[in-house]
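Biologist: Hello! I am new to this structure and would like to understand the words used for it. Could you show it to me?

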Amino acid sequence: MSSLPTGFGTRAAALLGTAEAAVLLARVEHSLADASDALARVYGASFDLDALVRRLLDRVLEAAAARPTDLRLLDHRREIDPAWFQHEHMVGYVCYVDRFAGHLADVAAHLDYLGELGVRYVHLMPLLRTRPGENDGGYAVADYREVEPRLGTMEDLERLAAAMRARGMSLCVDVVLNHTAREHEWARRAMAGSAEHRARYHVFPDRALPDAYESALPEVFPDFAPGNFTWAPELDGWVWTTFHEYQWDLNYGNPVVFEEMLDVMLFLANRGVDVLRLDAVPFLWKRLGTDCQNQPEAHDLLQAFRALVRMTAPATIAKAEAIVPPDLLVPYLGCHDRYRPECDLAYHNQLMVMLWSSLASRDARLMTASLARMPPAPPPTSWVTYVRGHDDIGWAVTDEDAAAVGLDASAHRRFLSDFYSGRFPGSFADGLLFQENPLTGDARISGTAA
């Protein structure tokens, strides 16, 4: 679809008023091609693309009508200053609500403290309602429109976001795009027999296709969540579970999934969330014979999400959680043969790994070589540069980068694991090895910057 649907402008004027409708129409016309071109690459051969785009624009219009006045003003301000998140004063702070303050209302009471530290960006670790019991640190979401009750309510989150805005602080919240908890309403309806909801997940009647996929799939957690499929007796089938058996991968081959997850993003943007941290984005698209990561359609989906969110909420940006090799990382910022806008921010995982490598080896040559080989981030985007995050560290040292400075990549990865687990003589570290492979010597490391 290259032009606005008939009657869209009239409906916008009726819902928003003439002036705000004119602004929305300008945004839609600016971003429509980015959205529709990307969706055509994903769905154009199998679905009625014009009907899909019309439905998506209806959701954009509904979200625009529901957007609070103060957030509309923030939209205008950030359209004037689109590089607001690149300013040198954007110092970030990441914490769990309960560990930091106990409750969302208590986080608001600590904003003076964060301000004294110079913090302008706060990422609150997963806080949407999760499944009972084991939940992968909050990444097994049971309801995207509710806050985990022990942390507060959605109204508490809105009040906190408003208090942060008043202090010039931005709020980042996780949106888990790849999967839901098996307790999510869609999964529960699928288990109750709904074919429509079953189609929102990857479900197979026997092991034929799962086994074919497994031949090329790595295991994310081989020690305690082996394999990528789980038998679900309620479905009488095998469901795709990349991470844990209670996290069911969403089927983005079904455009309804894209529509519903867009609605989630617009809902959170209208609660005052400035940055949507899009979790596990490399895994969004599945293709037989591949590792089902970093597929072209995953990039197309992100391009379409970004374009549609910016129509309603240009003050809200997207951050890619893509912990992948350097050559595969920069495309999540839109760096392709030609720039295609995707996410505005991405974690600079390579810089983080190389900082720790240089600290252990007292040698910055590997860091210099590996970072010099990376394409630069496109100017409208930026890196999240960080020392440590909540995840373990995988030692992203490639053969090519290591050879460039006379190192053996495998031996250097073993050295880093030994050093940061305290095994190496003279090490100051006391980290914990994670998923150690005694045959190859490979391991990941867990620990804090302290």
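Biologist: Where do Glu 185 and Arg 189 lie, and how many residues apart are they?

Modeller: Both sit in helix H9 (residues 185-191), four residues apart, which is about one turn of the helix. Do keep in mind that this is a predicted model.

Biologist: What makes Glu 185 and Arg 189 a salt bridge?

Modeller: Their closest N and O atoms are 2.7 Å apart. The cut-off is within 4 Å, for a side-chain nitrogen of Lys or Arg and a carboxyl oxygen of Asp or Glu, so the pair counts as a salt bridge.

Biologist: Why is Glu 185 called partly exposed?

Modeller: Its relative accessibility is 33%. Buried means under 20% and exposed means over 50%, so Glu 185 falls in between. Arg 189, with 40%, is partly exposed too.

Biologist: And why are Arg 78 and Asp 274 called buried?

Modeller: Arg 78 has a relative accessible area of 11%, and Asp 274 has 2% relative accessibility. Buried means under 20%, so both residues qualify.

Biologist: How do you know that the side chains of Arg 78 and Asp 274 meet in a salt bridge?

Modeller: The N to O distance is 2.8 Å, and the limit is within 4 Å, so the pair passes.

Terms used: Residues are numbered from 1 along each chain as its sequence is written. This is a predicted model: local features need pLDDT of at least 70, side-chain atom pairs count only at pLDDT 80 or more; totals for chains, interfaces and linings use all residues. Side-chain values use heavy atoms; hydrogens and water are left out. Buried means under 20% relative accessible area, exposed over 50%, partly exposed in between (1.4 Å probe, protein chains only). Helices (H or I, at least four residues) and strands (E, at least two) are DSSP runs, numbered from the N terminus.
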